[in-house]
Every structure is written in C-alpha cells, then in structure tokens.
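Open the model in your viewer and keep the selection tool at hand. We will go stop by stop.

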Amino acid sequence: MTDKKAYLKVDGLEETFELPVLHGTEGPDVVDVRALTSKGLFTYDPGFVSTAACDSGITFIDGGKGILLHGGYPIEQLAEKSDYMEVCYLLLNGELPNAEQKAKFVSTIKNHTMVHEQLSHFFNGFRRDGHPMAIMCGVVGALSAFYHDSLDINDAHHREVCAFRLIAKIPTIAAMCYKYSIGMPFMYPRNDLNYAENFLYMMFGNPCEEYVPNPVLAKAMDKIFILHADHEQNASTSTVRLAGSSGANPFACIASGIAALWGPAHGGANEAVLTMLEEIGDAENIPEFIAKAKDPNDPFRLMGFGHRVYRNFDPRAKVMKVSCDEVLKELGLENDPLLKIAKELERIALEDEYFVERKLYPNVDFYSGIILKAIGIPTNMFTVIFALSRTIGWISHWNEFHSSPNRIGRPRQLYTGPAKRDYPG
Ligand code: SDX
C-alpha cells in the first residue's frame, strides 16, 4: 500500500476530499472511495469498467500488454509446461506443488470423482433435449442439498474439502449432462486415468466396449482446461464472490457462476462462435458478417472477438490457435472448413479499421470451439466444458474471499425513478 493520495473537489461542496491511493504488486493503482458515502456521494460505474471490487492474489491480467499470470506464472508457460491438476493446486494455494504435494493432491481428487448415487435421479426431471448448461446449473446447485450441513465456511479445512469435491465431481457431472442428453448410460469415473483422460472416457466411453482415450486429444483437453481455469474478476467469478459474500452454500455459489457464464457475452461465446462460423458457411460470406458486426443498428457481434480487459491479443487465444492446428493435424482435419473460415475471418477483422480502432482481437472463445468440435464434443456442451474448467477459478476466489475478514457485497445506484409522492385519494 502507499501513502499516495487522490483529491476530489465537487462543485457546490466546500470540502476537497482526500482519498487514499492503494498500490498492488502489479497493475493500476486504485483510489479508495469508501469514505465518499459518509460525504453523501457514491461513485458511478455501470458495468464496473473502472472498479476494483476487491483485492486478490490469484490472477493478474494486463489487458494492454496481453499478459495473464496465475500466481505470477505466465499462462503460456503453464499451458506448455504444467497440467490442469498442477494449475488447480496453484490457484487454490498460490504456489506450485512439489512432487509429493502434487501426488497427494492428484490422489485426493481421483478418490472423490464419484457422485452420490442419488444425484443421478436429479437428471430424470429434465427433458433429454434440455440444454446441458441448464442441467449442469441445476445439478451442481443440488449438490448443496447433499453437503449443506457438513460445511462451516469459516473453517479452512471444510472449505478445502469443498474445493476438492467440486474439482473432482464437476467433470463427472459434466459428462453425465452429455450422456443424459443422448440417452446413453452414465459412465463411472476410473482411477487409472488422469483428469483429462477420465473426462474423455466418461464422455465417449460406453459399457459395451473398451475406450482408450487418444493421448493427443487428452493433452489438448487438459490444455483447454488450463486456458479456461481462471481470469480475475470476470462476470461469473464476480457473481460467485458476491453470492459467497452472503454466506451462501458454496455449491449454490458455483451454480450462480455457471448461470452467469452461460450468457453469449461471456462463456456462452464459444458455442456462439461455432454457430456463427456455420452460419457464415463459406469465406466468401465473411464481408457480409463483418459489415453486420460493424453496423451500429445491428445487434450482431463477431463472437469470439473483443474483451472488456484485453486491448491486445488474448494470450489464451494465441495458445489455443496453436493447439487447434496440432489437434486438427493429428486428426487429419487440417483442411477443416470451419478452421479455414475462422482463420480468414481473423485475418480480415484484424486488418479492418473498425476492429483495429476499437482494439478488438480474438479472445479465448474464438478457437476453442473448433478444437472441441474436432475432439467430438457437441456444440451445446462447449460452455459446459468452460464451466468445468472455470470451477477451480470460482472456488479459489470463493475460498480467498472467506479466508479474510469480509462483508456482504451491496452496490448502490443512481436513482432515476419518481420522487416521493402520496398515494392518490
Ligand atoms: C469471455 O471478462 C472476462 O475475463 C471474460 C472471459 C473469461 O475468461 O472469463 O475472458 C471469457 O467472456 C470472453 C468474451 C466472450 N464474448 C464474446 O466473444 C462475445 C463478443 N464480444 C463482445 O460482446 C464484447 O467484446 C464483450 C462482451 C466481450 C466486451 O464488451 P465491452 O467491454 O462492454 O465492450 P463494448 O460492448 O463496450 O464494445 C466497445 C465497442 C463497441 O462499439 P462502439 O460503441 O464503440 O461503436 O466495440 C464494439 C462495440 O459495439 N464491439 C464489437 C465487438 N465487441 C465489442 N463489435 C463487433 N463485434 C464484437 N465482438
């Protein structure tokens, strides 16, 4: 923290307000405006463009430079050298595990991947053609009915057990959402497979034949999990923190994060990118869609492009693009028409003044869908995969929130409704 000050002079008010300026490890300084309420003033920031809602030591983003750090480690290095289990440990604990810590963590997760047998009955209430995100949201929220009384959120050990349960069970539930939607039997997790292999097994295995996960696809899946694991105070993580601030059950908080992620402006964009590329259909139609995206009167936006924070390439998109080429080459799909359209769309957009001027670059969702489709995952499961990956980020932020003294989140407003008036008659 620093002893820097900010000074605020408001017309019509005698006093010039002196506000503390706080400085973190990296990134912009923040002006501590908490004292303004007692002066009869609020700050105004719809969409939280310039608001630091908390302090956090988990993830740092420099949007101007396209930098993403987890526990100080660049996402590019983690994607290349680490694996999802290790990144989960890092996000939860703030340090990379040593060999012994990693082995213990992986073993703990592996031994919690099964869900209560009763949980499978929740699925029967859904139509088979229900969107898997709706099912995921409902079933994860229902976990709070299973663990409600065994959880003291003020007990660090209870919070850790809750994190282990969620990290372990979320792939099982995600795969169950898929199996349910296609009328296939649920597959029980296997302890002889790693996290990504096990997920692919539960997704594509069936009781009638042996299923051996393709190691290249499992590695790509693990990389996708890493690239989606956490991303600072994004909409869904902020939702989880706000829900958590009321002391709500963590499973219910994660369900609120799933709900917030579902929107096409957020995690739902990966599904929307595939729909958009299929709608474009052929590279010759790209100019028509670019024109729609630029038309202020057309609500259409180029899905997978733009970001509230990145005013440069999303570093995850760069890694995803390389992984996309690798996976499609491995599968002999390097001439995939959707990939060709995506690359041409990116090329044209990055040369177009509208996108250049607004610093709109491909984000994490632009290429992920093409890889997921190549792996065999249906489009309506893309955001479920994002939610699976992001659960570690959500629960790490939830845990961080409860690890120090905290207050319920309660934003205020600029009231624009009718002034006080009496009831007629
Ligand atoms: C994720 O926050 C996170 O960290 C999220 C995420 C994570 O890991 O948690 O990174 C994951 O959600 C990635 C974003 C996925 N969403 C999409 O790809 C949907 C398409 N993108 C946009 O809807 C938009 O870019 C947002 C929602 C991502 C960001 O919206 P902002 O910050 O509110 O930007 P804006 O709407 O103020 O746009 C600024 C300008 C506007 O034009 P003008 O009013 O200046 O004329 O840029 C234009 C917008 O119209 N614009 C786009 C555009 N994105 C912004 N125009 C066309 N196509 C786009 N994709």
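Predicted model: local features only at pLDDT ≥ 70, side-chain atom pairs only at ≥ 80, totals over all residues.

Residues are numbered from 1 along each chain as its sequence is written, and side-chain values use heavy atoms, with hydrogens and water left out.

Next, select 59–62 and 67–70. These are strands S4 and S5, antiparallel and joined by four bridges. Strands (E, at least two residues) and helices (H or I, at least four) are DSSP runs, numbered from the N terminus. Two strands pair if DSSP finds at least two bridges between them. Thr59 faces His70 in S5. Four residues sit between the strands of this hairpin, and Gly66 has a positive phi near 65 degrees.

Find Leu69 opposite Pro74. Two residues separate the strands in this second hairpin, where Gly71 takes a positive phi near 60 degrees.

Last stop: Ser82. It lies in the loop between helix H1 (75–81) and helix H2 (84–93). Is Ser82 buried or exposed? Ser82 counts as buried because its relative accessibility is 6%; buried means under 20% relative accessible area, exposed over 50%, partly exposed in between (1.4 Å probe, protein chains only). Show contacts (heavy atoms within 4.5 Å). Leaving out residues up to four places away in sequence, Ser82 touches Gln77, Val87, Lys219 and Ile226.
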